[in-house]
Amino acid sequence: MPAKSRIQNPKSKIGILLSGRGSNFLALHAAIEHGEVPAEIAVVISNLADAPGLAKARELGLRAEAIPHRGEPGRRAHEEKVLAALRGAGVEWICLAGYMRLLSPEFVAAWPRRILNIHPSLLPAFPGLDAQGQALAHGVKVSGCTVHLVDDGLDSGPIVAQKTVPVLDGDTPKTLSSRILEQEHRAYPEALRRLLAEPWEVVGRRLVFRPE
Ligand code: GRF
């Protein structure tokens, strides 16, 4: 049976998980502020207390929580704390935005088909770390970014949106990353907006938007 979406409440509550600079979080926040995405950011959580993205969330007046993984007895203990914070904030959708922790199947099952991730390659090519370096090393001429639902695998869930960029002969990991990042900042808000505003379903591996 395909899983059908429900049109969400006028403003869906989003939880952001991040570990770093948070530029994708800021792109989502800007799109929400401009009324392009029917959502509100209910909480921003980081496993690293000094993540720049967390500081930016605080500057923006958002609820922001550091939940360090270090010092926890294991992945599940840390995840239980994150889940409790997300539940406490009434989160309906989770957007991973440079969150450098793998999620356990139990975590994913707690928000079935309601966790999104953005990855800096055209999946299924180059999953995992340093996707831009992998793309350069492989010699592809086109790369890009992918927004996908999170499942139990590594960068493997149903694809919501992709955007492409050329790979130029003179590219370094840095120049390619920044060209891809520009597209990430467009792709993530667009994908979230469509998921919240349009009917969709997952058929096999395919996420398809359906006219009403
Ligand atoms: C992005 O390249 C994203 O695709 C990947 O991690 C990076 C996060 O960057 N998952 P930022 O923290 O959003 O600037």
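Which residues in α5 meet α6, and which residues in α6 do they meet? Gln132, Ala135 and Leu136 in α5 meet Pro173, Leu176, Ser177 and Ile180 in α6 (contact: heavy atoms within 4.5 Å).

## Basis

This is a predicted model, in which local features need pLDDT of at least 70, side-chain atom pairs count only at pLDDT 80 or more, and totals for chains, interfaces and linings use all residues. Residues are numbered from 1 along each chain as its sequence is written, and side-chain values use heavy atoms, without hydrogens and water.

## α5 against α6

Helix α5 spans residues 131-138. Its angle to α6 is about 120 degrees, and the axes lie 9 Å apart. Angles run from 0 to 180 degrees between N-to-C directions, with axes fitted to C-alpha atoms. Helices are DSSP runs (H or I, at least four residues).

## α1 against α6

Helix α1 (residues 23-33) packs on helix α6 (residues 173-197) at about 50 degrees, with axes 9 Å apart. Ser23, Asn24, Ala27, Leu28 and Ala31 in α1 meet α6 residues Leu181, Glu184, His185, Tyr188, Pro189 and Leu192.

## Nonpolar cores

The largest nonpolar core has 42 residues. A core joins buried Ala, Val, Leu, Ile, Met, Phe, Trp, Tyr and Cys residues through side-chain atoms within 4.5 Å; buried means under 20% relative accessible area (1.4 Å probe, protein chains only). α6 gives the most to this core, with eight residues. Leu195 is among the residues with the most contacts inside it. Beyond its neighbours within four places in sequence, Leu195 touches Trp93, Leu116, Leu149, Val160, Trp200, Leu207 and Phe209.

Definitions and conventions: Helix = DSSP H or I, 4+ residues; strand = E, 2+ residues; numbered from the N terminus. Buried < 20%, exposed > 50% of the residue type's maximum accessible area, 1.4 Å probe, protein only.
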